[in-house]
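Visitor: I'd like to go through this one slowly, if you have a moment. Could we just start with a side chain and see where that takes us?

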Amino acid sequence: VLFRSEEASTKKTLMSRVEDLTARCEALSRGTQQSTNDLRAKDQQHYDEVRKLRDERDTLERELAREKSNASSLAQDMERAKRDAIDQLRKELENGGEQALRKATLQ
């Protein structure tokens, strides 16, 4: 009878420990799942931030390329205008010189 009583007590103690360990495992599992979910959410947030920054960078690079192109076109236009002005001044000087010669010859 004593043996059965000890056996029942040991069985009761073991069952209690099994229940305790089961509860702890379940709590750890819930905590692990929550941590996993938190990490996934943070990972998605970082991914979204990186994608947003890349989009901004791409937009800025396109704007910079457009501005460089505009600056290049403006520089070409200015150079062309300068050459045209010089050519115009040459023609005016040549015509003015011819007119001055005519006037001097006529007098």
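Visitor: Is Lys82 buried, exposed or partly exposed?

Guide: In this predicted model, Lys82 has a relative accessibility of 46%, so it counts as partly exposed, given that exposed would mean over 50% and buried under 20%.

Visitor: And what does Lys82 form a salt bridge with?

Guide: Lys82 forms its salt bridge with Glu79, and the closest N and O atoms of the pair are 3.7 Å apart. Both residues lie in helix H1, three residues apart, which is about one turn of the helix. Glu79 is partly exposed as well, with a relative accessible area of 34%.

Visitor: Why can side chains like that pair?

Guide: Side chains of opposite charge can pair when their charged atoms come close.

Visitor: How many salt bridges does the count come to?

Guide: The count comes to seven salt bridges. Among them is the one between Arg90 and Asp87, whose closest N and O atoms are 3.5 Å apart, and these two residues, three apart in helix H1, are separated by about one helical turn. There is also a network of salt bridges that links Arg57, Asp58 and Glu61.

Visitor: Changing topic, where does Thr32 lie?

Guide: Thr32 lies in helix H1, which covers residues 2-106, and at 49% relative accessibility Thr32 counts as partly exposed.

Methods:
Residues are numbered from 1 along each chain as its sequence is written. This is a predicted model: local features need pLDDT of at least 70, side-chain atom pairs count only at pLDDT 80 or more; totals for chains, interfaces and linings use all residues. Side-chain values use heavy atoms; hydrogens and water are left out. Helices (H or I, at least four residues) and strands (E, at least two) are DSSP runs, numbered from the N terminus. Buried means under 20% relative accessible area, exposed over 50%, partly exposed in between (1.4 Å probe, protein chains only). A salt bridge is a side-chain nitrogen of Lys or Arg within 4 Å of a carboxyl oxygen of Asp or Glu.
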